[in-house]
Amino acid sequence: MDTPPTSRIASFGQTEINWDKLDKRRFYINGAGLFTGVTVALYPVSVVKTRLQVASKEIAERSAFSVVKGILKNDGVPGLYRGFGTVITGAVPARIIFLTALETTKISAFKLVAPLELSEPTQAAIANGIAGMTASLFSQAVFVPIDVVSQKLMVQGYSGHATYTGGIDVATKIIKSYGVRGLYRGFGLSVMTYSPSSAAWWASYGSSQRVIWRFLGYGGDSDATAAPSKSKIVMVQAAGGIIAGATASSITTPLDTIKTRLQVMGHQENRPSAKQVVKKLLAEDGWKGFYRGLGPRFFSMSAWGTSMILTYEYLKRLCAIED
């Protein structure tokens, strides 16, 4: 006999903390500090990925290792953090928008799919997928300009790209040349890349957790099982983050490569269109060109995703309202 939908959701109350059980003030303040720390640790991977995606055919640096070696040789460790200040400035409001939209939408989505009486993993995949996509759509208004500016800083002076004095210089020159819409260069592709990526990531994370917990004997008809230890919860969440990163990166890397090139390549009147970017990639490397930077992107999404989700779940436990 199937477990009623409501108890399916409640069966994971031992490992999940809902939005209405959080102290929002503590959540936002502590979250800003924790996520800044995670960004500091993983930002260099984004720099390497971006350089791999925009490298011309003539550039010798065609592997992540050679890119890192080149950056350290020319700029030292600071070179791995080009554009970091810009990212951090925009990351806090963008993250607040994303997480608020994610949690509030997730609650509504679970209520929406509950009457369908689907399995726990399927319910979680649908609800988390909807929440992830919605949160991404809301946050793109902040993320895209930050992306455009930071990526230009990441590749400045590399493979023929212009040099800048900082994020403000980049933004000023973009607005002067193209108006405010220049800051939203590649917005459509960003939405097409990040929204499905976010949906795939959160759907995979939510469903894989349920599958793993059931494998371990929790959930479903086993609600009477003793609550899992904190270490077991962390391990399951980490495994879910790795699975989610692998799934999302495999699906969305081609669009991310096109988007990145569109945002950082070309100057003034000779900016390429998405169609031209696709043709150039095909001419240079064939279909494998669309998967440039897949290794760093996979590592970035898995490492960032796992670190982010563990930080996020820890943050929720830290800010939970005591009953």
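Which element gives the largest share of the lining of the largest cavity? In this predicted model, that element is α5, with nine residues. The legends below cover the cavities and the helix contacts around them.

**Figure 1. The largest cavity of the predicted model, with about 960 Å³ of space.** A search of the whole structure finds five cavities of 30 Å³ or more. The largest cavity is lined by 33 residues, and those closest to its centre are Ser46, Arg95, Phe143, Tyr194 and Trp304. Two or more lining residues come from each of α2 (24-54), α4 (84-113), α5, α7 (187-215) and α10 (294-318). Among these elements, α5 makes the largest contribution, nine residues. Sorted by class, the lining holds 15 nonpolar, 13 polar and five charged residues.

**Figure 2. The second largest cavity, with a volume of about 150 Å³.** The lining of this cavity consists of 14 residues. Nearest its centre lie Gly31, Ala32, Phe35, Val92 and Arg95. Arg95 is also one of the residues closest to the centre of the largest cavity. At least two lining residues come from each of α2 and α4, and α2 gives the most, with seven. The lining of the second largest cavity divides into 10 nonpolar, three polar and one charged residues.

**Figure 3. The packing of α2 against α4.** The axes of α2 and α4 are 10 Å apart and meet at an angle of about 135°. The two helices are therefore oblique to each other. Their crossing is right-handed. On the α2 side, the contact is made by Phe27, Tyr28, Ala32, Phe35, Thr36, Thr39, Val40 and Tyr43. On the α4 side, the residues are Phe84, Val87, Ile88, Val92, Arg95, Ile96, Leu99 and Thr100. By class, this contact has 12 nonpolar, three polar and one charged residues. Ala32, Phe35, Val92 and Arg95, which take part in this contact, are also among the residues nearest the centre of the second largest cavity.

**Figure 4. The crossing of α2 and helix α3 (residues 64-75).** The axes of α2 and α3 come within 10 Å and cross at roughly 110°. The pair is therefore roughly perpendicular. Val47, Val48, Arg51 and Leu52 of α2 touch Ala64, Val67, Val68, Ile71 and Asp75 of α3. Seven of the contact residues are nonpolar and two are charged, with no polar residues.

**Figure 5. The contact of helix α5 (residues 120-154) with helix α6 (residues 167-178).** The two helices pack at an angle of about 115°, and their axes are 9 Å apart. That angle makes α5 roughly perpendicular to α6. The crossing of α5 past α6 is right-handed. From α5, the contact uses Val148, Val149, Lys152 and Leu153. From α6, Gly167, Val170, Ala171 and Ile174 take part. The contact of α5 with α6 is made up of six nonpolar, one polar and one charged residues. Besides packing against α6, α5 supplies nine residues to the lining of the largest cavity, and Phe143 is one of the residues closest to the centre of that cavity.

Note on methods: Residues are numbered from 1 along each chain as its sequence is written. This is a predicted model: local features need pLDDT of at least 70, side-chain atom pairs count only at pLDDT 80 or more; totals for chains, interfaces and linings use all residues. Side-chain values use heavy atoms; hydrogens and water are left out. Axes are lines fitted to C-alpha atoms, for helices over the stretch in contact, and angles run from 0 to 180 degrees between N-to-C directions. Helices (H or I, at least four residues) and strands (E, at least two) are DSSP runs, numbered from the N terminus. Angles under 35 degrees count as roughly parallel, over 145 as roughly antiparallel, 65 to 115 as roughly perpendicular and the rest as oblique. A crossing is left-handed if the near helix is turned anticlockwise from the far one by less than a right angle, and right-handed if clockwise. Contact means heavy atoms within 4.5 Å. Ala, Val, Leu, Ile, Met, Phe, Trp, Tyr, Cys and Pro count as nonpolar, Asp, Glu, Lys and Arg as charged, and the others, Gly among them, as polar. On a 1 Å grid over the protein atoms alone, a cavity is a set of points where a 1.4 Å probe fits but cannot get out, and a pocket is an open set with protein on both sides within 12 Å along at least five of seven lines; lining residues have an atom within 4 Å of a point. Grid points are joined across faces, edges and corners, and a volume is the space filled by probe spheres set on the points.
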